[in-house]
Amino acid sequence: MVPSMAAFFFLLFTLLPSFISPSPITLPLQQHLLPPTSFSSPYQNLNSLVNSSLTRAHQIKHPANRQSATSTSSASDFTAKTELSPHSYGGYSTSLSFGTPPQTLSFVVDTASSFVWFPCTTHYFCEHCVFPSPTSKIPSFIPVLSSSSKIVGCRNPKCSWIHGRRRRSEQCGNCGYNGGGRRSRYCSQICPPYLILYGSGTTGGVALSETLRFRNLTIPNFLIGCSVFSSRQPAGIAGLGRGRSSLASQLGLARFSYCLLSHQFDDDSVRSGYLVLDSGSDSGTKTRGMIYTPFVKNPFVLNKPDYSVYYYLGLRRISVGGRRVEIPYRHLSPGIDGSGGTIVDSGTTFTFMSRGVFEPVSRELVAQMERSNGNYSRSRAAEAATGLRPCFRVHGKGAAAFPELKLHFKGGADMVLPVENYFTYVGSGEVACLAVVTDGMEEGSGGGPSVILGNFQMQNFRVEYDLANQRFGFKQQPCSHH
């Protein structure tokens with residue numbers, strides 16, 4: 001059960017001596033929802049990933065109020081490459097080092113949010129967190145062991161990166177005012193604690209200013225969230241969205257890219273993909289072999305600033321087996337209320353499609369499978385057990401012939417998905433299910449993006465977020481860190 005607000009603040013201020021002496025400086029924020037749970041049945045595991053993908057989609061479509069998007073320049077020119085590992089809970093993590101001396105922790109990479117936080121203090125508590133195993137403890141950052149840790153003050157401009165554009169008097173209360181109503185120069189009050197609630201999890205803590213370290217680069221005064229408790233969080237979160245507190249914005253990246261190793265390797269694999277962070281000067285040069293499509297302008301919706309954090313793409317149409325699927329235009333382009341459009345999200349496992357997109361795609365797929373010579377039949381039992389549909393009985397892995405699924409983006413950028421990126425085999429391989437989810441909401445009852453491209457569909461693709469030139473690139477290739 002999530003701790004009450006009163007319990008949270010009691011715990012937080014009980015632990016304040018564990019942080020260090022207050023000093024106004026920097027810090028970021030982030031979130032994740034994939035519950036790290038292991039199951040004996042592959043059907044149960046798939047069902048868990050389906051539910052987490054749907055919960056994630058609901059959070060993205062109906063975000064809580066958080067910081068708005070504004071980029072901020074930071075580090076000098078550099079390029080850093082780190083490993084990116086897949087996990088059974090559906091996410092991908094990388095390692096980052098903070099502090100003096102450095103402490104290295106695991107962070108889930110999330111392009112649909114802009115908060116960076118880590119588990120913090122020796123008293124860190126996480127409820128329903130069985131990662132990497134039910135008996136293990138999630139590693140946490142220990143501020144008292146770092147000489148560069150500082151608590152962010154309420155007057156620090158970066159405090160508003162977490163709490164929005166509130167007046168400083170609201171962030172600081174009456175702190176800094178003397179009895180005559182005049183403001184004094186000194187205020188030792190910290191930036192108010194954050195408490196983030198979302199679909200299947202929670203995290204809460206205080207803002208820190210810390211030093212982020214790469215092999216040949218040191219970034220001081222990096223805004224980072226020091227979470228003292230969480231619920232259903234497998235690790236910290238490294239937000240790479242468009243918000244001011246994101247890893248991309250604080251580093252002033254010109255571009256970043258990643259290559260996602262197949263999910264089949266999961267937690268106990270020694271192999272990994274990779275994440276590349278590049279803040280170097282940009283010449284507009286395209287990466288060899290990369291196909292590009294421009295980012296689409298984000299919708300501005302009052303009270304939903306998170307829409308400005310997402311990376312929108314211009315998905316123009318979808319084809320199945322070479323046949324164009326008829327999809328109403330309102331689903332493919334974001335409206336003034338923020339409904340519709342397509343975003344790409346490394347934190348979502350299975351691609352989400354609203355009902356108006358999913359149903360015509362599914363119908364065309366089923367029709368072509370039924371017309372094929374394979375004589376495939378639906379497996380309603382697998383659909384009920386996994387939450388995926390449609391599912392088909394096949395003759396073992398590699399024996400089935402599935403219609404080609406192609407995504408057509410603005411600018412003539414066509415993404416042809418390999419079969420293993422949109423169908424997943426269940427159990428012994430006698431059943432294959434479409435690895436796309438929908439919530440079945442009625443037309444017009446939703447809001448937010450109609451399509452959320454998840455990491456399952458990006459397996460063994462190198463994707464590039466070219467922020468300097470406002471474009472998204474992709475190319476299919478094996479993803480293995482060397």
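I began with the pairing rule, by which two strands pair if DSSP finds at least two bridges between them, helices (H or I, at least four residues) and strands (E, at least two) being DSSP runs numbered from the N terminus. I noted that this is a predicted model in which local features need pLDDT of at least 70 and side-chain atom pairs count only at pLDDT 80 or more, while totals for chains, interfaces and linings use all residues. Residues are numbered from 1 along each chain as its sequence is written, and side-chain values use heavy atoms, with hydrogens and water left out.

**Sheet.** I looked up strand E15 (residues 315–320) and found that E15 pairs with E16 in the antiparallel sense over 2 bridges, with Arg323 in E16 as the bridge partner of Val320. Both belong to an open, antiparallel sheet of 4 strands in the order E16-E15-E21-E22. Strands E16 (323–324) and E22 (413–417) each have a single partner strand, so one side of each is left without a neighbour in the sheet.

**Annotated residues.** I then turned to UniProt, whose unreviewed entry marks Asp110 and Asp345 as "active site", although such annotations may be inferred rather than shown by experiment. The two are spread over 236 residues of sequence, yet they cluster in space, the largest C-alpha distance being 6.8 Å.

I placed Asp110 in strand E3 (residues 103–110), and Asp345 in the loop between strand E17 (342–344) and strand E18 (351–353). Asp110 has 0% relative accessibility and counts as buried, and Asp345, at 1%, also counts as buried (under 20% relative accessible area, 1.4 Å probe, protein chains only).

Technical notes
Buried < 20%, exposed > 50% of the residue type's maximum accessible area, 1.4 Å probe, protein only.
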